[in-house]
Amino acid sequence: NISTDETGKVTKFKARITPKGFKQKHGVDFFEVFANTGKYKSLRAMLSIAAKTDMELRQLDVPQAFTQADLKETVYMEMPEGFAVPGMVCRLRKSLYGLKQAPRNWYLLVSSFITKELGFRACVSDPCLFHKRSKTGQLMLLFLFVDDMQVGFDKADETEYEKLHAALQRRFNITSRGESKFMLGM
């Protein structure tokens with residue numbers, strides 16, 4: 001994959017190793033596949049609350065999110081062309097894009113961290129919209145859409161946001177995209 005900037009200049013060459021997930025068999029090398037994904041109506045609600053209460057909005061991205069989750073099942077993969085050693089395969093220890101259970105493994109990992117380590121609670125109507133009260137008593141919101149996050153917080157809670165950002169950075173090596181301007185086409 002080739003990434004370009006707004007002028008069409010090549011900025012990055014990207015390659016991704018993907019297993020042949022279509023060959024996986026239920027009950028053998030995967031069991032559960034369902035993963036929660038943030039709802040657009042929840043994002044719109046969060047943006048409305050942020051606008052009404054003059055929240056700061058920050059956008060975060062998790063590079064190679066799926067590869068951070070452990071793989072519980074035993075899954076083997078042929079080595080890609082050019083790397084193959086005759087008669088050798090590799091056993092996957094981490095989820096990879098293309099595995100049927102990869103989105104679920106990622107969601108379970110990140111949502112557990114957000115609730116247990118960061119102190120947020122998931123909304124009943126959308127388990128990808130998390131909320132908590134800051135130390136100043138203000139509402140903090142975190143919206144998760146696969147590997148993208150939106151965080152909303154009161155200006156008075158900038159320091160608390162920085163600690164949250166640092167914890168996410170340490171755990172998931174997130175990239176900050178700064179102030180939110182555009183997410184999921186909105």
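This report describes helix packing, salt bridges and selected residues in a predicted model.

## Basis of the description

Residues are numbered from 1 along each chain as its sequence is written, and side-chain values use heavy atoms, with hydrogens and water left out. In this predicted model, local features need pLDDT of at least 70 and side-chain atom pairs count only at pLDDT 80 or more, whereas totals for chains, interfaces and linings use all residues.

## Packing of helices 2 and 3

Helices (H or I, at least four residues) and strands (E, at least two) are DSSP runs, numbered from the N terminus. Helix 2 (residues 102-117) and helix 3 (residues 158-172) have axes that come within 12 Å and cross at roughly 145°; axes are lines fitted to C-alpha atoms, for helices over the stretch in contact, and angles run from 0 to 180 degrees between N-to-C directions.

Helix 2 contributes Trp 106, Leu 109, Val 110 and Phe 113 to the contact, and helix 3 contributes Ala 167, Leu 168, Arg 171 and Phe 172. Contact here means heavy atoms within 4.5 Å.

## Salt bridges

The structure holds 8 salt bridges, each defined as a side-chain nitrogen of Lys or Arg within 4 Å of a carboxyl oxygen of Asp or Glu. One of them joins Lys 94 and Asp 70 at 2.7 Å, N to O. Because Lys 94 lies in strand 5 and Asp 70 in strand 4, this pair ties together parts that are 24 residues apart in sequence.

Glu 160 and Lys 132 also form a salt bridge, at 3.7 Å from N to O. Glu 160 belongs to helix 3 and Lys 132 to strand 7 (residues 129-133), so the pair connects parts 28 residues apart in sequence. Both Glu 160 and Lys 132 are buried; buried means under 20% relative accessible area, exposed over 50%, and partly exposed in between (1.4 Å probe, protein chains only).

A network of salt bridges links Asp 54, Glu 56, Arg 58, Lys 155 and Glu 158. Within the pair Arg 58 and Glu 56, the closest N and O atoms are 3.5 Å apart. Arg 58 is buried at 14% relative accessible area, and Glu 56 is buried at 16%.

Arg 91 lies in strand 5 (residues 89-94) and is partly exposed, with a relative accessible area of 38%. Not counting residues up to four places away in sequence, Arg 91 touches Thr 74, Val 75 and Tyr 76.

Gln 64, in the loop between strand 3 (56-61) and strand 4 (70-78), has a positive phi near 50° and is exposed at 55% relative accessibility. Asn 173, in the loop between helix 3 and strand 10 (175-179), has a positive phi near 55°.
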